[in-house]
Amino acid sequence: QKMDNKDKIIQQIGEGFFNIRGSFRVFLSLIDVGTQMSLARLPNGNYLVLDAIPLSPELKSELDNLTENGAKLEAFIGCHPFHSLAIRDFHAAYPNIPFYGCPRHLRLIPEIPWAGNLQESDIREKWQPDIEMRIPAGAEFVDPQPESLNHFSSVLVFHRPSKTVHVDDTICYLPKSGVTGKLLKIAGFNEGYMTFQVSMTTVGLHDDADAPYQFRAWVKKLIDDWDFDNLCAAHTNNKIGGAREMLMELLDKSNETFENLRENRLKMANNLQEQLAPTEDGYNVNPSVDCG
């Protein structure tokens, strides 16, 4: 049964799936790119918590009302390596539930007794078939570098009963309202706009030439396998209805980008091979790299 979303912090997206929008400001706090937390109901009536945002007293009250003071929280899932700022406080509020995280979470917050690593497939498959989790191909998940820029990879979570995907960073949905929407309108986008996270074209994908095509094939299979309508994106909003079709359009119009990324990687590999090629005496001498 659909709950009344009016004046609620926890918003119902579909049958058994709830999303909470959070604030995360960048550029001297001028622009709010948003963040999120979701709740996915399981067949046993319990909930998976997907990511964490700061728990205001109002949010804590709503969460406790929905989950019988946390008794119906089955587990916490940290879906993105760099969405970590609120995890400690959430664990302090609900210390008795299992916490599962990305490899970076386990390194960054060792004081939490982590129940498992999402890099392991058996952890990601723990709640199938109602919940499916996938990690993008062609991108670094375990140790993304440089940390200041490479926030591309994450665990995407599909809640089958509500036809909803929860995603951080990897795929963004920018609304047509608010400050971000106004900026998009100035840029020529009159409707909500879906995009891959900007680091995809720089440091987001692996350096090898096959990485862009590996990621493209991964997205295509996700679209084929997951029958979803809604997409809850950390940055900056939710696409309710038509999300699968919009992702298909994004993938199609990104073909040239993937081809260019692959071509650039091939050129870089060829250039490197030429630099390392031995001369007639068996050594390659390149004075431009000398340092003394």
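Me: Which residues form one aromatic cluster?
Reply: This is a predicted model. Ring centres within 6.5 Å make a pair, and the count comes to 13 aromatic pairs. One aromatic cluster is made up of F76, F90, Y94, F99 and W114.

Me: How is the pair of F152 and F215 arranged, stacked or edge-to-face?
Reply: The ring centres of F152 and F215 are 5.1 Å apart. Planes over 60 degrees apart count as edge-to-face. The planes here stand at 65°, so the pair is edge-to-face.

Me: How many residues apart in sequence are the parts that F152 and F215 tie together?
Reply: F152 sits in the loop between β10 and β11, and F215 sits in helix α6. Both F152 and F215 are buried. The pair therefore ties together parts whose separation in sequence is 63 residues.

Me: And F158 with W226: stacked or edge-to-face?
Reply: The centres of these two rings, F158 and W226, are 5.1 Å apart. Planes under 30 degrees apart count as stacked. The angle between the planes is 20°, so the pair is stacked.

Me: Where do F158 and W226 lie, and how many residues apart in sequence are the parts they tie together?
Reply: F158 belongs to strand β11, while W226 belongs to the loop between α6 and β15. F158 is buried at a relative accessible area of 1%. W226 counts as buried too, at 1% relative accessibility. The parts tied together are 68 residues apart in sequence.

Me: Which residue lies over the face of Y213?
Reply: A charge sits over a ring if NZ of Lys or CZ of Arg is within 6 Å of the ring centre and within 35 degrees of the ring normal. K126 lies over the face of W127, at 5.9 Å from the ring centre. For Y213, the distance from the ring centre is 4.3 Å, and the residue is R216.

Me: What span should helix α6 have, and how far apart are its end C-alpha atoms?
Reply: Helix α6 covers residues 211–225, which is 15 residues. At 1.5 Å a residue, the helix should span 21 Å. That agrees with the distance between its end C-alpha atoms, 21 Å.

Me: What arc do the buried residues of α6 cover around the axis?
Reply: The buried residues of α6 are A211, P212, F215, W218, V219, L222 and I223. They lie on the same side of α6, because the arc they cover around the axis is only 135°. An α-helix has 3.6 residues a turn, so residues three or four places apart point the same way. The arc asked for is 135°.

Me: Which elements do the buried residues of α1 pack against?
Reply: Helix α1 covers residues 57–67, and its buried residues are L59, E62, L63, D64 and T67. Just after α1, E68 has a positive phi of about 55°. The buried residues of α1 pack against β2, β5, β6, β7 and α2.

Me: Which residues does I77 touch, leaving out those up to four places away in sequence?
Reply: I77 is in strand β7 and counts as buried, at 0% relative accessibility. I77 and V49 are 28 residues apart in sequence, yet their C-alpha atoms are 5.9 Å apart in space. Leaving out residues up to four places away, I77 touches V49, L50, D51, Y100, L118, W127 and M133.

Me: How far apart in space are the C-alpha atoms of I135 and V155?
Reply: I135 is in the loop between β10 and β11. The cut-off for buried is under 20%, and I135 counts as buried at 18%. Its contacts include V155 and W218. I135 and V155 are 20 residues apart in sequence, and their C-alpha distance is 4.9 Å.

Me: S199: buried or exposed?
Reply: S199 lies in the loop between β14 and α6. Among the residues S199 touches are H151, F152 and G204. At 3% relative accessibility, S199 counts as buried.

How values were computed: Residues are numbered from 1 along each chain as its sequence is written. This is a predicted model: local features need pLDDT of at least 70, side-chain atom pairs count only at pLDDT 80 or more; totals for chains, interfaces and linings use all residues. Side-chain values use heavy atoms; hydrogens and water are left out. Helices (H or I, at least four residues) and strands (E, at least two) are DSSP runs, numbered from the N terminus. The expected span of a helix is 1.5 Å times one less than its number of residues. Buried means under 20% relative accessible area, exposed over 50%, partly exposed in between (1.4 Å probe, protein chains only). The arc is that of the directions from the helix axis to the C-beta atoms. Contact means heavy atoms within 4.5 Å. Rings of Phe, Tyr and Trp (its six-membered ring) pair if their centres lie within 6.5 Å; planes under 30 degrees apart count as stacked, over 60 as edge-to-face and the rest as tilted.
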